[in-house]
Amino acid sequence: ARLLQGMRALVGCLLVLTTGLAQTTQAGDRRLAPNPPTAHATPSAPCEVVHVCILSDRIEETVAVVTSAQASAALATCLEWHVVTPEPGHLERLLSASGTFEGAGSRHALHATSLMQAEAALEEHGITPVWRRPGFDEGVTGKARRTLWSLRERAQDADPKHAHPLNLLRFYLPYLPTTEGVEKVLLLDDDVCVRHDLKALYSPP
C-alpha cells in the first residue's frame, strides 16, 4: 500500500513538473516568436490616398520614416510611397524584413526607383538635370561666374551637399517615374519621425 501511495505521489510530481515545463516552454515561445502581423480592419469610409515622397541615399533612415508614418496612419489613410534612392532593391528588402507592410493588405504601397532611372526618365522628357549641365561644377565650387555682374554665393550656400542630385531632384518631381501624373505629393526628409496621421498635412481642414 505504501509503495502504491509512493508511486502515485511520484506520478503526481511528474505531472506537475511536466505541466510547469510545458507552460514555461509556451511562455518562452511567446517571448522568442516574432509578434504577429497587426490586423488592419477594412475602413468603413473610403480610403484616402496620401502620396509621400522621399529622396534619399540613407536607406536605413528612410525605413525608419516609412515605419513611423505607417504606424501612425489612421485606418482610413492609405500611404503611397514614392522613393528615389541609389539602391531601391536594398530598401525593399529592408522593409520586407522589418515587416513594415505586413498585415496592411492593399492599404499602403511602395514605388521605389534608382537615381539612374530617374535621370534617364528626365532625359526622355527632354530635360537635362541641372547637375549634368556644363558649368554646374564650377558654380558649386565657387569658381568664376558667367559674367562680372553675377552674384557670388556665401560659402555655406556652395556646400557640395546642396548640389547633390537627390537634393535637387525635388524640382523635377512631375517628371519622375514614381510621381509622374500625381497631382499632389508630400515631400519628407529622411531624418524625421512621424507621430501623427500624415493626412492632416496632406489634406488640411
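Visitor: Which residue stands opposite Ile 54 over in β4?
Guide: That's Leu 188. This is a predicted model, where local features need pLDDT of at least 70 and side-chain atom pairs count only at pLDDT 80 or more, while totals for chains, interfaces and linings use all residues. Residues are numbered from 1 along each chain as its sequence is written, and side-chain values use heavy atoms, with hydrogens and water left out.

Visitor: How many bridges join β1 to β4?
Guide: Three, and β1 runs parallel to β4 (residues 186-188). Strands here are DSSP runs of E, at least two residues, and helices are runs of H or I, at least four, numbered from the N terminus. Strands pair if DSSP finds at least two bridges between them.

Visitor: And what about β2, how many bridges there?
Guide: Eight bridges tie β1 to β2 (residues 77-84), again in parallel. Val 50 sits opposite Leu 79 of β2. From β1 the chain goes through helix α2 (residues 59-71) to β2, a right-handed β-α-β crossover: with the strands pointing away from you, the path from the first strand over the helix to the second runs clockwise.

Visitor: Switching to α4: which residues are buried?
Guide: In α4 (residues 115-124), Leu 115, Ala 118, Glu 119, Ala 121 and Leu 122. Buried is under 20% relative accessible area, exposed over 50%, partly exposed in between (1.4 Å probe, protein chains only).

Visitor: Why are they on the same side of α4?
Guide: Because they cover an arc of only 160° around the axis, taken from the directions from the helix axis to the C-beta atoms. On the other side, Met 116 and Glu 124 are exposed.
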